[in-house]
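Dear colleague,

My notes on it follow.

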Amino acid sequence: MGLTLTEKILKAHIVDGELIKGTEIGLRIDQTLTQDATGTMAYLEYEAMGVPRVKTELSVAYIDHNTLQNGFENADDHRFIGSVTKKHGIRFSRPGNGICHQVHLERFGIPGKTLIGSDSHTPTGGGIGMLAMGAGGLDVAVAMGGGAYYITCPKVVRVNLTGKLSPWVAAKDVILEVLRRMSVKGGVGKVIEYCGEGVKTLSVPERATITNMGAELGATTSIFPSDEVTREFLTAQGRGEVWTPLAADPDAVYDEELTIDLSQLVPMAACPHSPDNVKTVAEIGSMKIDQVCIGSCTNSSLLDMLKVAYILKGKTVHPDVSLSIAPGSKQVLQMLAQNGALADMIAAGARILESACGPCIGMGQSPNSHGISLRTFNRNFEGRSGTRDGQIYLVSPELAAASALTGVLTDPRTLGEMPDFQLPKTFTVNDNMIELPAPESEMDKVEILRGPNIKPFPQTSPLADSIDVPCSLKVGDNITTDHIMPAGAKILPLRSNIPAISEHCFTVCDPAFPTRAKELGKSIIVGGANNGQGSSREHAALAPLYLGVKAVLVKSFARIHRANLINAGILPLTFANEADYDKIDQGDELELANVRKAIEAGESQLTLRDKTKGIDIPVLCELSGRTKDIVLAGGLLDYTREALK
């Protein structure tokens, strides 16, 4: 029996465990990336492990999130990251060089390699055949120190692409169709592997758009084969020597399959407030819009920008619409300037933003109150734009540009004949904004620059014998990391200061939670299904840790958030019977008696006593030998520190 492409890469990198689905496996990691919103904490964690030099083939630190500098905090974090990377053997992509996933695809990604990044959209690298996964910052720090990255051996879903996209129908419409069919939790525990003749019709940037938004499925990652299209892209980047052909075996067996006929797709949009709330443009109708934002790691490639510039050329943005455009990298921006496309955008009235994440994470360009904003981004969670009642629709660049001109949601197929957009045979390559680390012989001379906003990792402690605490918060289904630990221009600069950022923890759900949690001292949080979907931000675990949360009990977890809770030493519990969720209320006194002894004995079912109501509730705490030891130790940092002694 043949292997899927996913299984081939896993098999080549497995260092602990066996390739048995549903079991935990440890992988050797070839490359890592961080961004500045998660990077400061990741490098503080790396320093705490005491490993002098990274042991990966390549590690890169990007500055792309906190680039709006309206205080000293972001600039200080950037200086810290620049100095720590210089000392420890990590490349440093300076502010202005671009969004981590776009730059990594252009300059560093290699087919067949493993990549983890402290950003949930790291699966973008699957567009060139990498096994690229989002992870918490502490997991990335451990990988940089030479440790394995542990995941549950995933199921593999074959998405068979047939046909070819019709004119003005985009790669964004492909992933929106997958989301429509599978939902935001349909990919949990799975890798989405794209196959079929339709794959050959998609360029690398189009493939990367699809793998990027695979994160919204909850999937471990998504991946395309590495073929002649991949080779041409890497050759154009001056990196043709790293190419290797990769594909599934013809007789590979998949756990699930679905087929998408590309020729049958039409322009679509994800409606507020979830990426899987997908409707066709025809279903939504001619809706008046207020804002259009084009960019993000999903749709900021040169190919995307060339299409937008073509649509805007010689025209003027509608007077009721604010249009902003953020090219994904310095390379993209420079090439747009060289070929005149940038001038076409500016002449049409577009507001050109720096090559960074920007509006996608609420860092500027928030829409007006109750404003309707079309965005080429990957997430439209409530409040993520920076406007609490903003109505955010996720669309393709083609649809976004056409609508910016008309002032209403517009089907781009009304634009007439579509040119044959082609990527250049040679990209402009200038890596002058990527700083190389100091030679190992000079690393001791490098001074680490720490600003006053940079605080140490929260204090941890081994798992207690028993947990007897109140329920400090009860939330519903599909709580995102933006609910738990919001982003935005006001909060993101606090990412290196857990005491300060914890003041915003869960305030989207309950403004009083941080104060209540601190007053209680220790507590348990109760939630619904797909808890922690969205970003890889470990702050969604570190802030609750700082506020005294000892366990989180839910119907089900998103993959990365559950891992981050374990890394923080917080017990991840699920209801044995989901109906029991209704039996617990906020404020109830809850007890897990002799919990440490039970976990040491390997028991997966525990009994939670609701002392307020006088009832017992069976809960599951499914930990492997390694994750069990991490929780017992009080978190991954303590566990790793002991292992390295």
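**Sheet, helix packing and backbone**

Strands E9 and E12 pair in the parallel sense over six bridges. Within this pairing, valine 157 has glutamate 256 in E12 as its bridge partner. Strands here are DSSP runs of at least two residues (E) and helices are runs of at least four (H or I), numbered from the N terminus; two strands pair if DSSP finds at least two bridges between them.

This is a predicted model, in which local features need pLDDT of at least 70 and side-chain atom pairs count only at pLDDT 80 or more, while totals for chains, interfaces and linings use all residues. Residues are numbered from 1 along each chain as its sequence is written, and side-chain values use heavy atoms, with hydrogens and water left out.

E9 and E12 belong to an open sheet of four strands with parallel pairing, in the order E11-E10-E9-E12. At its edges stand E11 (221-223) and E12 (256-261), each of which pairs on one side only. Neighbouring strands of the sheet are turned by 20° against each other on average, direction ignored.

Helix H5 (residues 137-144) packs against helix H21 (residues 636-643) at an angle of about 15°, and their axes are 10 Å apart. The axes are lines fitted to C-alpha atoms, for helices over the stretch in contact, and angles run from 0 to 180 degrees between N-to-C directions. H5 and H21 are therefore roughly parallel to each other (angles under 35 degrees). In the contact (heavy atoms within 4.5 Å), Leu138, Asp139 and Val142 of H5 meet Leu636, Leu637 and Thr640 of H21. These residues divide into four nonpolar, one polar and one charged (Ala, Val, Leu, Ile, Met, Phe, Trp, Tyr, Cys and Pro count as nonpolar, Asp, Glu, Lys and Arg as charged, and the others, Gly among them, as polar).

Some backbone features also deserve a note. Most residues other than glycine have a negative phi, and most peptide bonds are trans. Tryptophan 168, in the loop between strand E9 (155-162) and helix H6 (171-182), has a positive phi near 70°. Tryptophan 168 is buried (under 20% relative accessible area, with a 1.4 Å probe and protein chains only), at 1%. Serine 296 has a positive phi of about 80° and lies in the loop between strand E15 (291-294) and helix H10 (302-312). Serine 296 is buried as well, with a relative accessible area of 2%. The peptide bond from proline 272 to histidine 273 is cis, with omega near -5°; histidine 273 sits in the loop between strand E13 (268-270) and strand E14 (278-280).

Yours sincerely

Methods. Buried < 20%, exposed > 50% of the residue type's maximum accessible area, 1.4 Å probe, protein only. Parallel < 35°, antiparallel > 145°, perpendicular 65-115°, else oblique.
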